[in-house]
Amino acid sequence: MNANKIIVNNIQSWLRDNGKSQQWLAQEIGVSKALIGHMLNESRVIQSKRIVDLANALGLTVNELTSDASMKEERMTVELRGTLSNRRSKMELERLKFAIEDYVGLKSERP
């Protein structure tokens with residue numbers, strides 16, 4: 001499952017579990033309902049800035065929003081080679097950057 005799909009699934013689950021609408025989410029992050037619809041039907045890739053906004057609106061960390069529950073038990077290895085030549089590779093790199101930033105942020109918050 002790609003990073004965008006994981007984020008979409010997490011957002012949809014959160015909205016369903018909390019009885020909130022796409023309209024509510026659009027208002028929370030200051031975008032149109034149409035843009036939320038495009039992001040959630042995956043016709044648009046969710047940009048990194050939007051991931052932070054979405055996580056904040058849902059009261060989640062970026063790591064929680066971008067993590068697949070089925071992956072929590074797995075140890076992940078990331079290898080970077082070549083160039084970012086397609087949409088998926090760019091999304092995976094953005095997800096990695098956010099995971100690293102989230103990890104660094106959590107580490108800096110600990111006493």
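Trainee: What should I know before I start?
Mentor: Residues are numbered from 1 along each chain as its sequence is written, and side-chain values use heavy atoms, with hydrogens and water left out. In this predicted model, local features need pLDDT of at least 70 and side-chain atom pairs count only at pLDDT 80 or more, while totals for chains, interfaces and linings use all residues.

Trainee: How many helices and strands does the protein chain have?
Mentor: Helices (H or I, at least four residues) and strands (E, at least two) are DSSP runs, numbered from the N terminus. Along the protein chain the elements run α-α-α-α-α-α. The count is six helices and zero strands.

Trainee: Which residues of helix 2 does helix 1 meet?
Mentor: Contact means heavy atoms within 4.5 Å. On the helix 1 side, the residues are Ile11, Trp14 and Leu15. Their partners in helix 2 are Gln22, Trp24 and Leu25.

Trainee: How are the rings of Trp14 and Trp24 arranged?
Mentor: Rings of Phe, Tyr and Trp (its six-membered ring) pair if their centres lie within 6.5 Å; planes under 30 degrees apart count as stacked, over 60 as edge-to-face and the rest as tilted. Here the centres are 5.5 Å apart and the planes at 20°, so the pair is stacked.

Trainee: Are Trp14 and Trp24 buried or exposed?
Mentor: Buried means under 20% relative accessible area, exposed over 50%, partly exposed in between (1.4 Å probe, protein chains only). Both Trp14 and Trp24 are buried.
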